[in-house]
Amino acid sequence: MARKLRNFIDGFQRYTDGKGSPALYRKWAAIFAVSAACERKVWMKTVKGQLFMNQYIVLVGPAGVGKSLCTSLVGNMLTNLNTPETPFHLAPTSVTKASLIDALAGAERRIIKPQELIAINSFNSLVAVINELGVFLPAWEGDFMSALTDLWDNGRYHETRRTHKIKIDIPRAQVNLFSATTPAYLNNLLPEGAWEEGFMSRVLLIYSGETTFTDLFLEFEIDEELYKDLAHDLHDIYQMWGGLNVTDEAKEAINEWGRAG
């Protein structure tokens with residue numbers, strides 16, 4: 001299982017090499033695609049319970065460095081996972097807190113595994129791939145940020161709306177977020193103290209100021225075979241189910257990182 005995840009990440013970076021995006025962006029775009037495709041179907045056991053792969057990732061850099069090339073490609077690849085038999089749920093581009101929760105409530109997945117102790121597994125998983133963070137978060141709204149913070153933990157989400165007497169109860173909720181922005185927008189968006197609050201502590205900000213000259217008049221070449229392989233691998237990842245094993249070396253490396261603060 002782990003080898004297939006690694007192969008996709010490596011293959012995605014080869015496919016996007018030379019397209020005008022920094023290597024760091026391309027690596028994290030591939031990691032997000034894997035995380036989103038795994039939903040709540042792949043996990044790692046820890047002393048605190050099951051750890052899922054969901055991510056809040058934002059590519060940060062000046063205009064024109066290739067952020068949207070990565071977000072657009074990932075969005076297209078994830079869209080192709082959606083079929084009537086195995087629905088894949090993508091969030092709207094522009095949302096309010098209420099519309100995001102409504103989309104999450106409608107993003108139910110049922111996985112049937114007759115051989116498992118629990119044969120029917122239900123959860124709600126929603127993926128937001130937004131080229132510009134400003135479209136998804138045009139302003140810092142405390143209530144919306146608190147909801148996103150809560151949803152990152154993959155637990156139960158409960159909400160009651162007094163105006164319409166609506167009760168929403170999602171026992172196993174999950175949201176993945178992939179977007180891009182500039183340092184200037186982040187500076188204007190985040191209020192004082194936001195860095196110490198829960199939402200920003202859950203966001204991975206991937207910064208690159210690397211710029212690559214691209215000849216706009218070169219013939220654009222697409223490695224169709226590699227793209228087909230990537231699409232096939234991502235579909236296989238989407239079908240995965242089960243726990244990931246962690247080597248003793250990896251456990252020690254992670255624990256040493258934690259002990260170091």
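I began with Phe32: beyond its neighbours within four places in sequence, Phe32 is in contact (heavy atoms within 4.5 Å) with Gln55, Ile57, Val74, Leu78, Val127, Ala128, Val129, Asn176, Leu177 and Phe178. I noted that this is a predicted model, where local features need pLDDT of at least 70, side-chain atom pairs count only at pLDDT 80 or more, and totals for chains, interfaces and linings use all residues. Residues are numbered from 1 along each chain as its sequence is written, and side-chain values use heavy atoms, with hydrogens and water left out.

**Entry: the cores**

Next I looked up the nonpolar cores, meaning sets of buried Ala, Val, Leu, Ile, Met, Phe, Trp, Tyr and Cys residues joined through side-chain atoms within 4.5 Å. Buried stands for under 20% relative accessible area, exposed for over 50%, and partly exposed for in between (1.4 Å probe, protein chains only). The largest core has 38 residues, and Phe8, Phe12, Phe32 and Leu78 have the most contacts inside it. At least two residues of this core come from each of H1, helix H2 (23-38), S3, helix H3 (67-79), strand S5 (120-130), S8 and helix H9 (224-238). H2 gives the largest share, 10 residues. Helices (H or I, at least four residues) and strands (E, at least two) are DSSP runs, numbered from the N terminus. I also found a second, separate core of 34 residues, with Leu100, Ala107, Ile168 and Leu186 among them.

**Entry: the rings**

How many aromatic pairs does a search of the whole structure find? I got 8. Rings of Phe, Tyr and Trp (its six-membered ring) pair if their centres lie within 6.5 Å; planes under 30 degrees apart are stacked, over 60 edge-to-face, and the rest tilted. The rings of Phe8 and Phe12 have centres 6.0 Å apart and planes at 40°, so this pair is tilted. Both residues lie in helix H1 (residues 2-16), 4 residues apart, about one turn of the helix, and both are buried. The rings of Phe136 and Phe144 also make a tilted pair, with centres 5.9 Å apart and planes at 50°. Phe136 is buried at a relative accessible area of 2%, and Phe144 is buried at 4%. I saw one aromatic cluster formed by Tyr56, Trp140 and Phe199.

**Entry: helix H6**

Which residues of helix H6 (residues 142-152) are buried? I listed Phe144, Met145, Ala147, Leu148, Thr149 and Leu151. Their cover includes strand S3 (56-60), helix H4 (97-105) and helix H5 (133-136), among others. After H6 comes Asn154, whose phi is positive, near 65°.
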